[in-house]
Amino acid sequence: MDTHSLTIIDNRTNKSYNLPISQGTIRAMDLRQIKESADDFGLMTYDPAFMNTASCRSNITYLDGDKGILRYRGYPIEQLAENCTYLEVAYLLLNGELPTASQLKEWVDLVTVHTMVHENIKKFMDGFHYDAHPMGMLISAVAALSTFYPESRHIHDAKVRDLQIVRLLGKMPTLAALSYRHSLGLPYVYPDNSLGYTGNFMNMLWKMAEPKYEPNPVLARALDVLFILHADHEQNCSTNTMRAVGSSFADPYVTTAAAAAALSGPLHGGANEEVLRMLDEIGSVANIPSFIEKVKGGQCRLMGFGHRVYKNYDPRARIIKRIADEVFEVTGRNPKLDIAIELERIALSDEYFIKRRLYPNVDFYSGIIYQAMGFTPDMFTVLFAIPRTVGWLVQWQEMLKDPEQKIGRPRQLYVGAAKRDYLDVAKRG
Ligand code: CMC
């Protein structure tokens, strides 16, 4: 017998089945042959929240949650964060290899050319209420791009796809900056393509009356590293949304908007904003023990802690902690850091967190850095969405090119009412 197989005995029928095992996985469809009777539908798996289901084969990002390993296309995240720019990493994710010097220059020029948005987008942004959440504005504006580029629906044309990808990478920081300036009532700033990706973003956010904005190089680099750390993270909630929506062959703009909507929730990318609110609520180091008791009592969660996959320290959190020191040299120390460090120290020595293997995740320290740089908490998830766009797009491309993929359509276990007959409204008790 093939030792790479699984033998299942169905005790209902005493029949035995041999299912092949490949890469530690059996195919759910192989279970369908296991039937109680000829008219039985066949066995299914029940896996709410995809706790133990691989939905695709992917060669983009490798993650080992037990060992705390994250690699893009085989390269350790630590090495990429140390040596690359965000656009270099974006090229790696999209093309599978790091660019040569000339490829990198060409790529940077290409993305830079697409930083400008249609003037009508500005009018569109103006329609938002003065206190609209920047993430809501970003999601809507990304979806609206679909109406500016109707050819984007030709998703099977590789050239069309490539163009939308560079457009999205170029325009995301611009849309994010428009939402930021709108919420502050400030005039919009056009891109300055002589600056780098994050330098230009800073220009669009913070330029005032000066003729040319000069981004602080330490802060621009810190933002670039944060963008690298957020670029992809395999099959998380928003990426799964990107694949699911994209599997219906919707265009990449509305698909990216859907992924960004998934990211906005407080259990996902919205957690960085929640961390800051939590630190505000705690207020001082003295209040930490009572807050921890509330968490342990189930009254609230320790935001920025825990992860579906990482059951060891999130490698991104370690890098972010290091960047924080560099940023604080420029901005001055964010007093929230003391609360965060003490919170981490207490949590990591507490049985509740140890038993559940809850460690700080990427969102725990990123907000503290963003706040020190001058961002308000409602911008934090927007800062996550910009770099994650490349991850969504590369996963979308991979899904479209994968001959095994079809429209995403899970099964359900129906637990509702059995068949019953309509009763006229006058006869209902
Ligand atoms: N604080 C307190 N308890 C927690 C936390 C937390 N942050 N996270 C998990 N737990 C407990 C949970 O109550 C449960 O305990 P019990 O077994 O007694 O019921 C146990 O740990 C397992 O939790 P779970 O909810 O089943 O785990 P999950 O894999 O479904 O959830 C998570 C993962 C990230 C949604 C969750 O850890 C969480 O809500 N964390 C806080 C929000 C957060 O920081 N999210 C950002 C995630 S990383 C970046 C990203 O994805 O964008």
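The model is predicted. Two packed helices are described by the angle between their axes and the distance between the axes.

**First stop: helices 2 and 17**

Please select residues 86–95, which form helix 2, together with residues 380–401, which form helix 17. The axes of this pair lie 9 Å apart, and the packing angle is about 15 degrees. Helix 2 is therefore roughly parallel to helix 17, since angles under 35 degrees count as such. The crossing of helix 2 with helix 17 is right-handed. To view the contact, display Tyr86, Ala90, Leu93 and Leu94 on helix 2, then Ile386, Pro387, Val390 and Val394 on helix 17. Eight residues of this contact are nonpolar, and none is polar or charged.

**Second stop: helices 5 and 6**

Next, select helix 5 at residues 134–148 and helix 6 at residues 158–184. Their axes are 9 Å apart, and the helices pack at an angle of about 140 degrees. That angle makes helix 5 oblique to helix 6. Helix 5 passes helix 6 in a right-handed crossing. On the side of helix 5, the contact is made by Pro134, Met137, Leu138, Ala141, Val142 and Leu145. Helix 6 contributes Leu168, Lys171, Met172, Leu175, Ala176, Ser179, His182 and Ser183. Colouring the contact of helix 5 with helix 6 by class gives ten nonpolar residues, three polar and one charged.

Proceed to residues 271–282, helix 11, and residues 362–373, helix 16. Here the axes come within 8 Å and cross at roughly 75 degrees. Helix 11 is therefore roughly perpendicular to helix 16. The contact of helix 11 with helix 16 comprises eight nonpolar, four polar and one charged residues.

Select Arg301 and locate the N or O atom of its side chain that is 2.7 Å from an oxygen atom of the ligand. At Leu302, a polar backbone atom is 2.8 Å from a nitrogen atom of the ligand. Lastly, select Arg356, where an N or O atom of the side chain is 2.9 Å from an oxygen atom of the ligand.

Methods. Residues numbered from 1 in each chain as written. Predicted model: local features only at pLDDT ≥ 70, side-chain atom pairs only at ≥ 80, totals over all residues. Heavy atoms only, no water. Axes fitted to C-alpha atoms, helices over the stretch in contact; angles between N-to-C directions. Helix = DSSP H or I, 4+ residues; strand = E, 2+ residues; numbered from the N terminus. Parallel < 35°, antiparallel > 145°, perpendicular 65-115°, else oblique. Left-handed = near helix turned anticlockwise from the far one by under 90°. Contact = heavy atoms within 4.5 Å. Nonpolar A, V, L, I, M, F, W, Y, C, P; charged D, E, K, R; others polar. Polar contact = N/O pair within 3.5 Å; in protein donor to acceptor, adjacent residues only side chain to side chain.
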